[in-house]
Amino acid sequence: MSNKVAVYRKEHFNSAHRLFNADWDDEMNKKVFGKCSNPHYHGHNYELIVKLVGEINPKTGFVMDMKLLSDVIQENIIERFDHKNLNEDCVEFAQLNPTAENIVVTIYNILSQHIDPVLKMTVRLYETERNFVQYPA
Amino acid sequence: MVYITRIEHFNAAHKLYNPRWSKEKNEEVFGKCANEKWHGHNFELYVTIKGIPDIETGFVYDAKKLSAIIKEHVTEKLDHKNLNLDVDFMEGKLCSIENLVIGIWEQLVPHIPPSIELHCLKLYETPRIYVEYFGEK
């Protein structure tokens, strides 16, 4: 029997954003994105859950040291996005609409450069308690 | 006397920034909350009223009607807005949750029917930070 285990680390960040497609005029943005397109921005408490699936290391008993996982998320995600304006402050969204979908894929791509590829990672992002996304699907 | 609470929510951008101070002084006092380009939160608002249950309905006050009052006079003005730029009743005030909860109280009081009394507002900025306000007694 496989001794694969899923481990989860939860982190959070608070950011401003607006949904905006630079190829469209203000009217079209408002029509498609409604109040989410407010030019003065709005914001969220984002909750991030990173799931890793892998074998238990027989020496440590860990799939991955959760303190190290937390440090990787803090250094590469939270410091980048917390108390920031995703559209204005974050180069990742200079040309990319910061929807929850695009944010979760961006987070996955950044983290995957720092997590052992032998571990299968899934990232879930809550924009509100009621709206959340997951990647890979 | 029975106390009944209605919970509403709104998502907004803001910054903590005193315009009479330099950028450096603002960053010293408010830290990353002073980011000039904003950040944001999912705010949760708990509105508690008190009164005697009506003999005919059993209600202190119809919670659906209370929700409509809060939506019309508070959350529609705050949801998907920039609290510093878009909200008339926060104009000229520092955008802390302390000041926001007082502003919300002042918005609500004139619309609370005489049969009940506004008892308490509880405003969550994050799941870990909230303020309570009972009005000036």
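**Exercise 1. The sheet of chain B**

How many bridges join strand β1 (residues 2-14) of chain B to β3(B), and do the two run parallel or antiparallel?

*Solution.* The structure is a predicted model, in which local features need pLDDT of at least 70, side-chain atom pairs count only at pLDDT 80 or more, and totals for chains, interfaces and linings use all residues. Residues are numbered from 1 along each chain as its sequence is written, while chains are lettered from A and ligands numbered from 1 in the order in which they are written.

Step 1. Helices (H or I, at least four residues) and strands (E, at least two) are DSSP runs numbered from the N terminus.

Step 2. Two strands pair if DSSP finds at least two bridges between them. β1(B) and β3(B) are joined by two bridges and run parallel; A12(B) has K81(B) in β3(B) as its bridge partner.

Step 3. β2(B) pairs with strand β4 (residues 117-126) of chain B in the antiparallel sense over seven bridges, and Y46(B) stands opposite K122(B) in β4(B). β4(B) in turn pairs with strand β5 (residues 129-133) of chain B, again antiparallel, over five bridges. T126(B) has I129(B) in β5(B) as its bridge partner, and these two strands form a hairpin with two residues between them.

Step 4. Contact requires C-beta atoms, placed from the backbone, to lie within 7 Å.

**Exercise 2. The buried side of a helix in chain A**

Which residues of α4(A) are buried? Identify the elements that they pack against.

*Solution.* Step 1. Helix α4 (residues 100-112) of chain A has 13 residues and reaches 18 Å from its first C-alpha to its last, close to the 18 Å expected at 1.5 Å a residue. The expected span is 1.5 Å times one less than the number of residues.

Step 1. A residue is buried if 20 or more other C-beta atoms lie within 10 Å of its own, exposed if 12 or fewer, and partly exposed in between, with C-beta atoms placed from the backbone. By this criterion A100(A), I103(A), V104(A), T106(A) and I107(A) are buried in α4(A). They lie on the same side of α4(A) because they cover an arc of only 160 degrees around the axis, the arc being that of the directions from the helix axis to the C-beta atoms.

Step 2. The buried residues of α4(A) pack against β2 (42-55), α2 (66-81), β4 (120-126) and β5 (132-135) of chain A.

**Exercise 3. Backbone exceptions**

Where does H83(A) lie?

*Solution.* Step 1. Most residues other than glycine have a negative phi, and most peptide bonds are trans.

Step 1. H83(A) is in the loop between α2 and β3 of chain A, and its phi is near 55 degrees, a positive value in a residue other than glycine. H83(A) counts as buried because it has 23 C-beta neighbours inside 10 Å.

Step 2. W38(B) lies in the loop between α1 (23-30) and β2 (39-51) of chain B, with a positive phi near 80 degrees. W38(B) is buried, having 28 other C-beta atoms within 10 Å.

Step 3. Y135(A) and P136(A) are joined by a cis peptide bond with omega about -5 degrees; P136(A) is found in the segment after β5 of chain A.

Technical notes:
Two residues are in contact if their C-beta atoms, placed from the backbone, lie within 7 Å.
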